[in-house]
Amino acid sequence: LPPIGPNTTGHLSESALNVIRRLMDPDPNKRLTAYEMMKHPWIRGETATTEKIERIDKKLSRFQDLKNKLEAGIFAVLVSNGTRREHNLSEAKVSGDDDDGEKSRQHIMKRAFESFDSDGKGFVSPNDLGRVVNKFIPQSKVNDSDWDGVIQQAALEGESETLVQQAALEGESDTSQVSNGLTLSEFSQLFSRLNNVHVPKGHFLFKAGDDGDAMYFINSGKVEVLTRKGQLVSILRQGDFFGEGSLLEEDNKRFSSARAAAPTDLIKISREEFERYIASSKIAKQQLQLVWKSRTLNDAKNLIRLQTKVKTRLLKKGDIVYKEGEVGKSMFIVHDQDGGEFEVRHKGVKVHNYYGGDSFGETSVILQRPRSSTVSCSSDNCKLIEMDGSDFLAATANDPQSAASIRDMCRKRMFKKAVKNLSLEKKRGFSMDDLVAAFHDADTDGNGSLSLQEIRNIMHRIDPTFPEEEIKAMLKYIDIDEDGQMGLEDFKRMFRVFDEKP
């Protein structure tokens with residue numbers, strides 16, 4: 001018998017219910033024939049009321065709105081789960097949480113499910129849906145009762161593409177068992193437009209220069225990121241995402257190639273879906289931009305490490321690499337394995353240290369500015385890779401995206417120098433509290449953000465000739481929320497001390 005009851009068919013008229021009962025009569029001799037159905041008064045429109053149709057239309061529209069918000073919320077969770085502590089703009093080297101390894105090996109939809117089911121109940125409740133969606137889509141104003149309807153429909157149907165349209169024809173009439181929440185399977189069905197893709201080892205997802213039409217989340221396997229010349233710059237693994245850059249940038253072109261390094265399962269998000277999701281969740285968009293900028297900078301640094309026109313320098317404790325104020329003619333990379341430790345001082349005050357894999361000296365070469373600090377070997381032995389400035393510029397020139405990322409890094413470092421200079425002028429140091437105090441000193445109008453003029457004032461304190469276009473480009477780079485100003489959170493992203501804190 002058809003599942004007729006208030007929970008599934010309460011919105012239908014008695015005439016419509018009559019059609020359903022007679023069409024689904026178990027006795028074929030009593031069942032409506034096609035001819036009889038076409039003559040039925042409800043089919044002919046004689047007993048169909050416009051009031052009922054309008055209510056159904058509103059329910060469908062409301063349900064689709066909720067479903068779109070939920071899909072955007074799930075997408076934001078996938079992005080958040082794929083964003084790691086090393087995705088930062090401060091160039092700090094940080095390690096992940098202890099349980100990151102185990103979590104990253106889970107199916108990404110299971111990880112998303114656990115983000116909703118934060119207390120480990122084994123199901124997702126209406127409150128869970130509301131909590132997460134409101135976190136990532138703050139403008140969303142949805143009551144738990146609305147989410148309860150979504151959960152009941154999803155659990156009854158199990159097929160999200162026809163959740164509303166077929167509510168009167170499918171499912172269970174007893175909803176007492178589904179009102180608690182969604183299972184993992186039912187939860188996954190809500191994100192119904194997931195396009196699961198499997199590719200063999202060696203398959204190119206895209207190549208540098210292609211138009212960007214999608215981004216990807218890795219469910220299993222590995223993906224290599226290659227330069228235009230085929231040089232390997234990074235390897236992405238389960239839980240990571242990629243391909244977002246060409247969807248965020250106006251150019252819409254792939255900057256690198258992506259090739260499966262093993263048989264790989266992915267979730268593909270089309271450009272249309274991507275744009276809909278980030279339009280709903282500004283938080284997801286900001287996280288994507290942060291990861292993209294961090295990743296392109298790391299890839300650019302890795303590209304520099306692949307260069308062969310370099311020389312190795314061995315130093316002893318106290319040996320100076322360069323002094324503050326000198327003309328920059330080279331850039332340097334601390335050797336990964338036995339590079340030692342380097343101390344960085346600005347105006348005689350220790351700023352931070354460089355360790356294996358860190359690069360420095362690029363700013364003077366790129367922006368043609370004097371060295372902003374003094375760098376010296378602070379361990380018993382140190383080992384550096386040195387690249388001549390002209391070779392460094394030639395290497396970045398061959399990859400426009402890498403060149404742009406390196407230049408953004410240099411602008412950011414110049415701004416950091418200006419902030420630290422301001423802090424020293426105020427007889428302070430470089431602790432978190434000191435840097436926050438410097439931010440408020442620079443915020444002369446006290447509105448909680450640094451305007452272009454306030455940033456210009458900081459830069460001109462150390463160099464009155466610092467180009468205007470470089471100042472504007474620096475603000476654009478660090479302004480993740482795109483409000484045209486540098487807020488305190490934007491400011492903190494530039495300094496290692498905020499990322500290196502426990």
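1. Let's start with the aromatic rings. The structure holds 18 aromatic pairs, where rings of Phe, Tyr and Trp (its six-membered ring) pair if their centres lie within 6.5 Å; planes under 30 degrees apart count as stacked, over 60 as edge-to-face and the rest as tilted. One of them joins Phe75 and Phe217: the ring centres are 6.0 Å apart and the planes stand at 85 degrees, so this pair is edge-to-face. Phe75 belongs to helix α4 (residues 50–81) and Phe217 to strand β3 (residues 214–220), so the pair ties together parts that are 142 residues apart in sequence. Helices (H or I, at least four residues) and strands (E, at least two) are DSSP runs, numbered from the N terminus.

2. A word on the model before going further. This is a predicted model, in which local features need pLDDT of at least 70 and side-chain atom pairs count only at pLDDT 80 or more, while totals for chains, interfaces and linings use all residues. Residues are numbered from 1 along each chain as its sequence is written, and side-chain values use heavy atoms, with hydrogens and water left out.

3. The charged end of Arg254 sits over the ring of Phe206, 3.8 Å from its centre. For Lys121, the charged end sits over the ring of Phe123, at 5.3 Å from the centre.

4. Next, strand β4. β4 (223–226) pairs with β5 (232–236) in the antiparallel sense over 4 bridges; two strands pair if DSSP finds at least two bridges between them. Val223 has Leu236 as its bridge partner in β5. The two strands form a hairpin with 5 residues between them, and Gly230 in the turn has a positive phi of about 85 degrees. β4 is also joined by 4 bridges to strand β7 (residues 257–260), again antiparallel, with Ser257 in β7 as the bridge partner of Leu226.

5. Which way do the side chains of β4 point? Val223 and Val225 point one way, Glu224 and Leu226 the other way, and all are buried. In a regular strand, side chains alternate between the two faces of the sheet.

6. Thr227 is worth a look in your viewer. Thr227 lies in the loop between β4 and β5 and is buried, with a relative accessible area of 8%. Not counting residues up to four places away in sequence, Thr227 touches Val233, Ser257, Leu303 and Asp399, where contact means heavy atoms within 4.5 Å.

7. The structure holds 1 disulfide, defined as a pair of cysteine sulfur atoms within 2.5 Å. Cys377 and Cys382 form this link, with their sulfur atoms 2.0 Å apart; the link is right-handed, with 85 degrees about the S-S bond. Cys377 is buried at 2% relative accessibility, and Cys382 is buried at 3%. If you are looking over the cysteines, Cys410 counts as buried too, at 0%.

8. In β16, Cys382 stands opposite Leu315. β9 is joined to strand β16 (residues 381–388) by 6 bridges, and the two run antiparallel. The sheet has 4 strands in the order β9-β16-β11-β14, with antiparallel pairing. β9 (311–316) and β14 (359–360) stand at the edges, each with a single partner strand, so one side of each is left without a neighbour in the sheet.

9. Two backbone angles deserve a check. Lys347 has a positive phi of about 55 degrees although it is not a glycine; Lys347 sits in the loop between β12 (342–346) and β13 (349–354) and is exposed at 51% relative accessibility. Glu482, in the loop between α18 (468–478) and β18 (486–487), has a positive phi near 55 degrees. Most residues other than glycine have a negative phi.

10. Finally, the whole chain. The chain has 20 helices and 18 strands, and 49% of its 502 residues count as buried. Among contacts between residues at least 6 apart in sequence, 75% join residues at least 24 apart.

Note on methods: Buried means under 20% relative accessible area, exposed over 50%, partly exposed in between (1.4 Å probe, protein chains only). A charge sits over a ring if NZ of Lys or CZ of Arg is within 6 Å of the ring centre and within 35 degrees of the ring normal.
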